[in-house]
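The sequence and structure are shown first.

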Amino acid sequence: MKKLLTSVAALATVASMASAEGELNIFNWGNYTNPDLIKKFEETYDVKVTVTDFDSNTTALTKIEAGGHGFDIVVPTHSYIPIYVEKGLLMKPGIPEMENYHNLAPQWVDVDWDPKREYSVPWQWGTTGVAVNTKAYSGDVNTAAIFMDPPAELVGKVNVVPEMQDVISMALMYVGGTPCTTDKTMLKAARDALVAAKPKWMSMDYGMTEKMSNGDVMASVNWNGSTFRIRNNNPDVVYGYPKEGYIVWMDNAAILNDAKNADNAKLFINFIMDPENAAMISSFARYANGITGSEAFMPDDMKTAPEIVVPADLVAAGKFTGACPKEAQDMYTAIWTELQK
Amino acid sequence: MPSSSEDLAETARVRRNWLLSTPALVLLALGAAGPLLIVAVYSFLEAGEYSGVEWRFSLDAWFQILFHRDIFDDTISLADAHLTIFWRSVKLSLLTTIATFIFGFPTAYFIATRAPKQRALWLFLITIPFWTNLLIRTFAIMEVLRNQGILNTLLMKIGLITTPIQILYTDTAVLIGMAYVYLPLMVLPMYAAIDRFDFRLVEAGYDLYASRWQVLRRVILPIVKPGAIAGSILVFVPSLGAYVTPRVLGGGKNMMIGNFIDLQFGQGRNWPLGAALSMVLLVIVGAALLAYVRVSTKENPHG
C-alpha cells in the first residue's frame, strides 16, 4: 500500500512539474527511490522525472530488450551489468570525467562487473539473508534452513522472494557448493533441495516490506535494508545472515544506449555521486551506498543497525558473487524455470 | 424481367453490406487475426537466450506443454506441473461460475421483482464496483482476507478462532476474489431473462397446486436458463484467462494459466512456450464458446 501511495505522490510531483524543460525516465526497483531525491533533482535542473518500478532483474532486462520502453536510466544488480554490456544495451557516458566521480569509495571503483566504472555507478549495496518474525519462530535465524528446510513453526508461512540469482546461489551454498559453480552434482543437489522445499513455502512474492511489517508473512528470504524498514514498523522481526552463505550485492545506475534524454541522465548519474544525495537514497531504502562522505548525512540509526553491521563471526559467510560464467548462468536459468512452474 | 432486377437489387444489397462491414473486418484482421498469427508463429520458434525468439523452427514449446525433460539426466516425464496449472484454472473458473450463479440468481430475481421504478436503482448499485479499477478492488479483497485483515481480526475478536486462518495465497482466496469481481457479469444477463418473465405463470402454477420447489424447477428455471447460460459464459471465459486476481491473491505460487503465460515472457524467458500456452488457452475458450452456441441453439431453434 505504501508503494502505491509513493507512486501516487510521484505522479503528483510529475503533474506539478509539467512545464519543465526536459524529461528523465528512471527504471528502478519498486519502493527503492527516495521521492525527496527526485524532487531535489527536478528543482535543481528543471527536469520532469518519471520513476517506473520493476520487481526483478529478469523482468527489467526483458522489458528493456524488447525495446520501445522509453527509459533513460536503469538500476540492475551487479551480476546483470555484464549481460547488459554484452547485449550492447548500455552507454559509456564518460563517468570517470564527471565532477563527482572522486567521491566513489575506492573499493567500488575497479569492480569486476564494470572495470573502471565505464558504464555504471553505485546506487546501493546490501546483503540477501532471511527475515524472521520472532513471534512465529524463536530459534536460530542465521541459517538458510529457514527456507530450504523450514522448521515446523514456519512450514506454510515462509515467502521466497523470486530473485533467481540470490535464491539459487544461497541454495548452492546451503548444499555445500559455491555460487556460480559449474559442478553438475552441486547444481543438481541445489535443484533437488529447492524443489523439495517449495511445497513448504507460502508464496513467492515481492513486497515484503509491507507484508512482514503487518504480520501477514512470518519469514522470508529478504534484503537487509527492507528488513531494517520492517523492524522499524514491527520490532519482532529480525534479520538473519545464513552461516552456510549469504549474498552481498550492489545495484548500479546506468544509462541505456537508446536513452532519449541522455544529457539529463548524465546529470542524474553525477547527481547521485554527491555524498548528500547518496545519503538521501540510503536513508529512504536503508541500504549502504558506495559514496565516501555520505555517512555524515545519514540518520544515526543506520550506524548501529544489526541489518547493516554484520556480526564479526558471520562476515566471512558473505559472498560477493560477481557475474557467473555463461555455463553456470544457463544452469541457473534452467533450475529457476523448473522451480517457477 | 422482374427477376433480374430483383437479382440486381440483391447484388447491390450484398455489396453494400460488405462495404459497410469493411471497417469491422479490417479491424478484426489487424487487431485480432494479425497478433494471433504472430503468437502462432512464435510458438514454433526456439527461445532466445535471455528473452525473445531465435528464428529457427522448433517443436520444443509444444513438446514442453505436455512433457518435461530433466535438465540433468535428460529423462522425459509428463509435465505434471503444467497439467496442475491447467486443471487449477479450469477448476477455479468452474467454481467461480457456480458461485456467481448461487449469489447472482437470487440477486437478479430480487431486482426483477421490485417495482419498475426501483429496479433502475438496484441495477445501478450492481454496476458501482465497475467504477473502480480491478487492481484496487483486488487489493481491497486482499485487505479483507489477509492474516491481520478485516475477516481474521473479526473472527478472533468474537472468539471463533485463536490464530488467523491462512486464506490469502490459497486457491480459496483466488476463488473469492474472482467470484466478487465477476458477479455483476452473472447478475445482468440473469436479470434481463427474469425481467421478461411473466409472473402470472407463477400464480398459475400455484393455482394448479404446484409446490414452491416445483414452481422454481418447472416454471422459473427453464425461462431464466438462457440468461444463466449467457452469464456463465461471461464469467467462465474471463475467469480462465484471469491475471490480476490470481497474481495478487495467489502469491506467485498458486498460478493460473494467465500468470503462467506471463511468467514465460518474463522470468521464465521462454517466449515460444508462452505463445504455445496462449494458443492452448484459446482452444479451451473456443471449446467453451462452441458448447455455448450448441446449447443455446438447441434451446431456441429459431433464435
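Which domains does the domain assignment of chain B give? Chain B is assigned domain 1 (1–42) and domain 2 (77–299), the bounds coming from an automatic or database domain assignment.

The model is predicted, so that local features need pLDDT of at least 70 and side-chain atom pairs count only at pLDDT 80 or more, while totals for chains, interfaces and linings use all residues; side-chain values use heavy atoms, with hydrogens and water left out. Residues are numbered from 1 along each chain as its sequence is written, chains are lettered from A and ligands numbered from 1 in the order in which they are written.

## Overall dimensions

Chain B contains 12 helices and four strands, where helices (H or I, at least four residues) and strands (E, at least two) are DSSP runs numbered from the N terminus. Its radius of gyration is 25 Å, whereas a compact globule of 303 residues would have one near 19 Å. This radius is taken over C-alpha atoms, and the globule rule is 2.2 Å times the number of residues to the power 0.38. Along the principal axes, the C-alpha atoms of chain B fill a box of roughly 85 × 75 × 35 Å.

Chain A has 13 helices and 10 strands. Its radius of gyration, 20 Å, agrees with the value near 20 Å for a compact globule with 341 residues. The corresponding box for the C-alpha atoms of chain A, taken along the principal axes, is roughly 60 × 40 × 35 Å.

## Domains of chain B

The centres of domain 1 and domain 2 of chain B, taken over C-alpha atoms, are separated by 35 Å. Four residues from domain 1 of chain B and six residues from domain 2 of chain B take part in the contact, which means heavy atoms within 4.5 Å. The area buried between these two domains is about 400 Å², with 88% given by carbon and sulfur atoms. Buried area is the accessible area (1.4 Å probe) that two parts lose on being put together, summed over both. On the side of domain 1 of chain B, Leu36(B), Val39(B) and Tyr42(B) supply 89% of the area buried against domain 2 of chain B, more than any other three residues.

Zero salt bridges are found across this interface of chain B, a salt bridge being a side-chain nitrogen of Lys or Arg within 4 Å of a carboxyl oxygen of Asp or Glu. The side of domain 1 of chain B that touches domain 2 of chain B has four nonpolar, no polar and no charged residues. In this classification Ala, Val, Leu, Ile, Met, Phe, Trp, Tyr, Cys and Pro count as nonpolar, Asp, Glu, Lys and Arg as charged, and the others, Gly among them, as polar.

## Domains of chain A

Chain A is assigned domain 1 (2–123 + 251–299) and domain 2 (126–248 + 304–340). Their C-alpha centres lie 26 Å apart, and the contact takes 18 residues from domain 1 of chain A and 22 residues from domain 2 of chain A. In domain 1 of chain A, His78(A), Arg286(A) and Tyr287(A) lose the most area to domain 2 of chain A, together 34% of what that side buries. Zero salt bridges are found between the two domains of chain A, but five residue pairs are in polar contact (both at pLDDT 80 or more).

## Interface between the chains

| Parts | Buried area | Share on carbon and sulfur atoms |
|---|---|---|
| Domain 1 and domain 2 of chain B | about 400 Å² | 88% |
| Domain 1 and domain 2 of chain A | about 1,700 Å² | 55% |
| Chain B and chain A | about 3,100 Å² | 56% |

In the interface between the chains, 30 residues of chain B are in contact with 40 residues of chain A. Three salt bridges are counted between chain B and chain A. In one salt bridge, Arg191(A) pairs with Asp70(B), the closest N and O atoms being 3.2 Å apart. Asp205(A) forms a salt bridge with Arg247(B), with the closest N and O atoms 3.3 Å apart. This pair runs from the loop between strand S6 (201–203) and helix H8 (208–213) of chain A to helix H10 (residues 244–250) of chain B.

Definitions and conventions. A polar contact is a pair of N or O atoms within 3.5 Å; within protein, one must be able to donate a hydrogen and the other to accept it, and residues adjacent in sequence count only if both atoms are side-chain atoms.
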